[in-house]
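I opened a new notebook page for this structure and wanted to look up a few things, one after another. My notes follow the order in which I checked them.

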Amino acid sequence: MVELRRTVVIKLDLPEGADESLRGTVDQFKHCANAASEWCWHGDDGYHVTSKAKAEQTLYADLKDETDLTANLVQKGIRRAVEAVKSGVSRLKNGGQTSRPTFSKPSVVYDKRSATFNEDHATLSTVDGRIHAEYILPDDLEGTPHRRYLLNDDYEPRMATLQYDADADEWFLHISLRSYDGDDTETGSSTEHTTVLGVDLGIDTIAATSTGKMWSGGYLNHRREQYQRVRGSLQRRGTQSAHRTIESIGGRETRWADDYLHCISKALVQEADAYDCDAIAFEELTHIRDQMPKAKKFHAWAFRRLYEYVEYKAEEYGINVVRINPAYTSQQCSKCGTTLEENRPNGDHRFECQKCGYAVHADYNAAKNIAMKHVRRRQKSIGGRPRVNVALKSGTVNANGRYSSTV
Ligand SMILES: [Zn+2]
């Protein structure tokens, strides 16, 4: 099948402050590329390093620490340098002359994990989080590349280069599109990897991720109990003013819990973004009352809210939010797959596999299972070799259990 590639160049209309965020992003991206080029050129043994994997393995963690870029942009910076070193090496092989590649042009490479490409705007990951950039388009689109490719369902945006034109003092997005052949399983996308973040919801730990992050529910529960005590004593008083106070407490309570859930949802989406995930997997909320006998109406409300907030924020990042059936995710060992009730001996937060001895926080184990269930489902639907992964603390694991380290 013939694959067509097209590039559409679009001038951007940025919100206030975005210019500075993009400049910061450009600087840090160049820093990653230059640092990588320096390390790759002549390597540590006199040979130029042209392996992306090798460069990433050595450089990623430090550059991630040194910058405010997402994992994806750090990787893109390293890869850009490796590509340049590679072409330098082939020039040398052909008898040409060249020196270490340096990066001074103000540009950043984006893909669908660090950007979303829409019909009239793009969102771009920056050192200050995502920004929303409107496209500046001619009034009459007829015959423009924008109409022919970007608004054409036969083409799919794959990546883009953000470039700053200093003379014009304008930002441009060069969006690369590929003709879409409707068969995503056997084409170039086989090298594209999908990574999913699993999230387990609970009462003691309100949310736990497959990357090992947790948010305590204790604070939420404690505050709620406090409110309930005050409300109880006011109800016993039963006066008119006590009634009014109860109403205002109700409002304050939801607002407070709402803010807290907002923060968690934001952190969850950022966690997914930091690990380059394109999906976040939650458990199906309808199962919560059966799964958690201790759960109150309040928790069902809180989980639903959290899910909605995550769904809303994730959209901006181009991350899908999916729900999976949580059956056995708390009893199954995320390491060896053994499902036993005895893996949860005390009903507390400890998980201990009776077969392989794997012992971790139960919610972390469940979050990994939730992600893995989604991975298996996706794998089945796309067929072929595994390219859907679970995001873990220090790498990913695919449906065959193969582990890849990112740090
Ligand atoms: Zn096990």
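**Entry 1: Thr195 and its surroundings**

I began with Thr195, and leaving out residues up to four places away in sequence, I found that Thr195 touches Tyr275, Asp276, Cys277, Asp278, Ala279, Asn389, Val390, Ala391 and Thr396. I noted for myself that the model is a predicted one. Thr195 sits in strand β8, which covers residues 194-201. Is Thr195 buried or exposed? I wrote down that Thr195 counts as buried because its relative accessible area is 6%, and the cut-off for buried is under 20%.

**Entry 2: Strand β2**

Next I turned to strand β2, residues 107-111, where I found five of its five residues buried. I looked at each face in turn: Ser107, Val109 and Asp111 lie on one side, Val108 and Tyr110 lie on the other, and both faces are covered. I then looked up the pairing, and β2 runs antiparallel to strand β6, residues 155-165, with five bridges joining the two. For Ser107, the bridge partner in β6 is Gln163.

**Entry 3: Nonpolar cores**

Last, I looked up the largest nonpolar core, which has 49 residues, and the ones with the most contacts inside it are Ile78, Leu124, Tyr135, Leu162, Leu173 and Ile175. Helix α3, residues 71-93, gives this core its largest share, nine residues. I also recorded another core that lies apart from this one, with 33 residues, including Leu201, Ala272, Phe303 and Tyr309. Going back to Leu124, and leaving aside neighbours within four places in sequence, I listed among its contacts Tyr110, Leu162 and Leu173.

Note on methods
Residues are numbered from 1 along each chain as its sequence is written. This is a predicted model: local features need pLDDT of at least 70, side-chain atom pairs count only at pLDDT 80 or more; totals for chains, interfaces and linings use all residues. Side-chain values use heavy atoms; hydrogens and water are left out. Buried means under 20% relative accessible area, exposed over 50%, partly exposed in between (1.4 Å probe, protein chains only). Helices (H or I, at least four residues) and strands (E, at least two) are DSSP runs, numbered from the N terminus. Two strands pair if DSSP finds at least two bridges between them. Contact means heavy atoms within 4.5 Å. A nonpolar core is a set of buried Ala, Val, Leu, Ile, Met, Phe, Trp, Tyr and Cys residues joined through side-chain atoms within 4.5 Å.
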